[in-house]
Amino acid sequence: MTTVGLGPTALPLIGRERQVSELVAMAKSAMRSERQTCLITGAAGIGKSRLIEEFLAMARRFGMNVLVGRAMSVDAGIAYASLRAILESAKDNYEPDVDKLGQELLEQIDEAMGSPQAGGMSYFRPPSRELVTYLERLTSDAPTVVALDDAHLADEESIKVLVRLAGRLEDRRIFFVMAARGDGHESVRTRRGIRHFIEAIGGHSVNLEPLDRADIMALITEMVGAHPDEELSDTVFQHSRGVPFFAQEHILALRQRGVLCVIGGRARLASYADGSPSVASNPTMVVLERVAQQPPYAREVAEIISVFQRVVGTQIELVKMLSGLDADQMSVTLEKLVADAILVRTANDGFEFSHPLIGEAVYQSLDDNFRQRVHNAILVQLESSSSVEELSASEISLRAWHTVESAQRGDQVAIRAACRAASAVRFSSPRIAAQWYQRAIDLLPDESDMRAKLLAWQAAAFWRGSLPERAIDVGLDAISTLKPGYLAERTRYAVLNAMYAMGKFEITCDLVDEYAPVSSDAVPMHALKSLAASHLGRVQDARASVEGLLEKVSYSAPTNEVLALTYLGQLENGIGTYRKVASVTNRIADIAGDSRGQYHTNHKATALEAGLYINVAAGNLRQARIFRDQIDDLLDGRESRNLGAQMSYAQALLSYRTGSWYEALRLIRSRLVDVELSGFKVNATLLKLLESRIFLGVGRVAAARQTIGDVLHNAEWSSVVEYADALRTRAQVIDQQVTDGADRLLEIAQRARDAGWNQVEYGALDLCLDGLFDAGDPQSAARPLRDLRSLAQRTGFPRFKAVLNLHEALLNQNVSAAQRTLTYGEAQGDLVLVGQARYALASAGVATRRNLERSLGIFENLGAKPWLDRAEKLGAAVGLERDGRAAGARAICLTESEMRLADLVRHGLTNQEIAAALHYSRKTVETYLTRLYRKTGLRSRVELSLALERGDVQSRLVRN
């Protein structure tokens, strides 16, 4: 009989051949510039980490760049901790310029998450643009894998950044992989968010199931070096329930006891007079039993490290001090724990547990006194390293974690530490702040006076963190016990904002009726109620309630003034006049231009975001771009707060109207999942309606109908239902499913006019006239033209007038009307109207070839297939050929990154300047340009610039 020794072991990868093949197939797709995403799920110990480890080793053999991080429970309270871990893994591994970019990113996060002492109201958002540039640079050299293990433990800010990056890098050679527990772990919302996002962008999910008995037998064979007998196989399989990690732990526990032996080439349990030695059947107890079998000094070191979770070389001295070991003893102990597969070595001369479950089990087994002693010792070490005034937000969070973890209920020091951690990130990372407020709430003694105040702060954090449903629940709880005053007022507004953003209009109106009488300034509340009532069809009530509010706004405090202007601008867009929209716009411009210090940066930024949203919806694109540029200048390239997801919609709509349809679709695709998951139903619905309109514009009618159907299935307010019905009717007409489309659209327009919904009426009439033009039926256009003229005169919206002129030009070949549309479109930068106006002029015989050439170029760049077909038909009729290319020839489609490179060439940048702008090397730029010339058949920068102007090369939207 040979007793099986212990020795170091790594868990063999057994029974996962199919999953490895799936990951390899995804990696190969990523290597072909097809961005891939995958979420690996499964129960604790099922082998997610081992699968990722195996795959990443293969990816490196394929020549792929690998960035990998592993989240730990301490990370959940530290903003961007997991993102930092991923970036840290790439340090000093790549070309000097790439490493420099990565180091600058880490420094930027550190700086932005630095001391909260100065100013307090940090407007930081993650450096998304710089991260995109960094990953584009990496992927230009080689396909890249970005992996995050134990993502269920990650901080939510890191998860948000990663999923947004995946949405923005769809044409890069990149593969995002995350692994998260699929059991009832507390971070279930984070896991669902990852899954929702990955599924929405066509990603993959790999769920790991327990191994069968045959696989467990193979695992035993790999670990022991001999085939197990039936008794050993049954014992390990039953106790592990097919979970590889628990099977390994059971085998290691048997080894450690010295009762696993090999007889006659078969692995078996040693026989004892009183039966086979027992091992705990509970998997967690098996883990603890292995640690418990260590010598006392080694067991204590493992217990101390479980409080750290991971230790780096500089922390070993503290572990040594706490354990009472000298340097030699510590070195021997750590080597023994590694040899016994309890710890593994990490970078920076550090150590961590070989599996997170070992660390979790050990930590949970500690008695309170021991746990508190270690946490306190770590705190002393942290406090000796820097003064309170020098602490970054991350350092404050780390200190708070060690304070709170060792605290008992009622511990005022821990409560203050949690509140300080929340306060440090309440603007930069509001979701993290909300978690810290919850930690403080959990520590409060019964009937504490602080509870209502903490709930109010938490509600505000949930609202800023785009979690409106949580903001409502917590805010209502706080309001029920808060004393009258500023905090109660702000909490009411947080609840009202969240209610409206989620589309709960009826409840919003009811709450305003309850809150307004006790509010010190109810102007924004009345404006919000009017806006909500208008969506519900109570337009007359809305108009009556809002009468005179605009004049009162200037008497409100800055925060309330900005809120009221936001609501009033949206209301006037929907049911009012352009004159009042212009009044709101002028007031916002005054706030943005304030030089007396009356308005904080946050007030200005929020006002500008509202101004952009209001003006792009009103069709005032020139002013919308001014506000957008002012936002960029004010925030110095940082991302906006995007409260209620209004910026997501505004930016997509601006891209659509200025002729960047591919960019608009990209924005919608990359942001819609996050907006929906957050619960912002109003702007999620608007994004879907815009997506449907773009789909109709590019001829993807089936996709449009599917999206419209989803809106109609979930819409709960009548104005949206009417507009979605108008879009559905137009799609049915295009598909020749109905013959009375014009009549149906006129009925929708009439209902909208009766209700007072200006934008809905405009949309229905525009779709009706477009269909009549498509059908070649100008005789039936008299009524919709008359109604649109009346709407334009009644409301004064310039875009209504421009679209009226366009339809008169198209249907009646009215040259002066076409010229007016062209003038408006060029002044506003509305390329859609410019292209349509030039087509109308060409149809009327005005400079036919020149106008048709330009309209063709615009329609090709837009990917507007229906309009492109019309223009090409007209071109064929007049015998138009474009530089030897027949009118029916299709443009060459470029990827987003190729279009970005081509645009820089068109704007006259040298190769060196392009390299600086894109953070590429000059050689990489030259390589990419050579590929671009080869793909397009062009030979010079001049030819490429001219081809872009003509529309001979374009985004790939047409092909999509």
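**Close-up views of a predicted model**

**View 1. Helix H23 (residues 505-515) has Phe505, Thr508, Cys509, Leu511, Val512 and Tyr515 as its buried residues.** Because their arc around the axis is only 165°, these residues fall on the same side of H23; the arc is taken from the directions that lead from the helix axis to the C-beta atoms. Here, buried means under 20% relative accessible area, exposed means over 50%, and partly exposed lies in between (1.4 Å probe, protein chains only). Helices (H or I, at least four residues) and strands (E, at least two) are DSSP runs, numbered from the N terminus. Contact means heavy atoms within 4.5 Å.

A word on the model: it is predicted, so local features need pLDDT of at least 70 and side-chain atom pairs count only at pLDDT 80 or more, while totals for chains, interfaces and linings use all residues. Residues are numbered from 1 along each chain as its sequence is written, and side-chain values use heavy atoms, with hydrogens and water left out.

**View 2. An open antiparallel sheet is built from 3 strands in the order S10-S12-S11.** Strands S10 (310-311) and S11 (343-346) are at the edges with a single partner strand each, so one side of each has no neighbour in the sheet. Two strands pair if DSSP finds at least two bridges between them. S10 and strand S12 (residues 350-353) run antiparallel and are joined by 2 bridges, and Arg310 stands opposite Glu352 in S12. Helix H14 (residues 327-339) lies across S11 and S12, at about 110° to S11. Such angles run from 0 to 180 degrees between N-to-C directions, with axes as lines fitted to C-alpha atoms, for helices over the stretch in contact.

**View 3. Ala341 and its loop come next.** This residue lies in the loop between H14 and S11. Ala341 is not a glycine, yet its phi is positive, about 60°. With 8% relative accessibility, Ala341 counts as buried.

**View 4. Glu447 sits in the loop between helix H19 (430-443) and helix H20 (450-464).** Glu447 is not a glycine either, and has a positive phi of about 60°. Its relative accessible area is 77%, so Glu447 is exposed.

**View 5. Strand S3 (residues 65-70) is mostly covered, with 5 of its 6 residues buried.** S3 runs parallel to strand S4 (residues 144-149), and 6 bridges join the two. Arg70 has Asp149 in S4 as its bridge partner.

**View 6. The whole structure holds 15 aromatic pairs.** In one of them, the ring centres of Phe859 and Trp867 are 5.6 Å apart and the planes stand at 35°, so the pair is tilted. Rings of Phe, Tyr and Trp (its six-membered ring) pair if their centres lie within 6.5 Å; planes under 30 degrees apart count as stacked, over 60 as edge-to-face and the rest as tilted. Phe859 and Trp867 are both buried. The charged end of Arg870 is over the ring of Trp867, 4.3 Å from its centre; this requires NZ of Lys or CZ of Arg within 6 Å of the ring centre and within 35 degrees of the ring normal. Elsewhere, Tyr578, Tyr762, Phe797 and Phe800 form one aromatic cluster.

**View 7. Asn560 is part of helix H27 (residues 558-575).** Its relative accessibility is 5%, so Asn560 counts as buried. Leaving aside residues up to four places away in sequence, Asn560 touches Arg490, Tyr493, Asp521 and Pro524.
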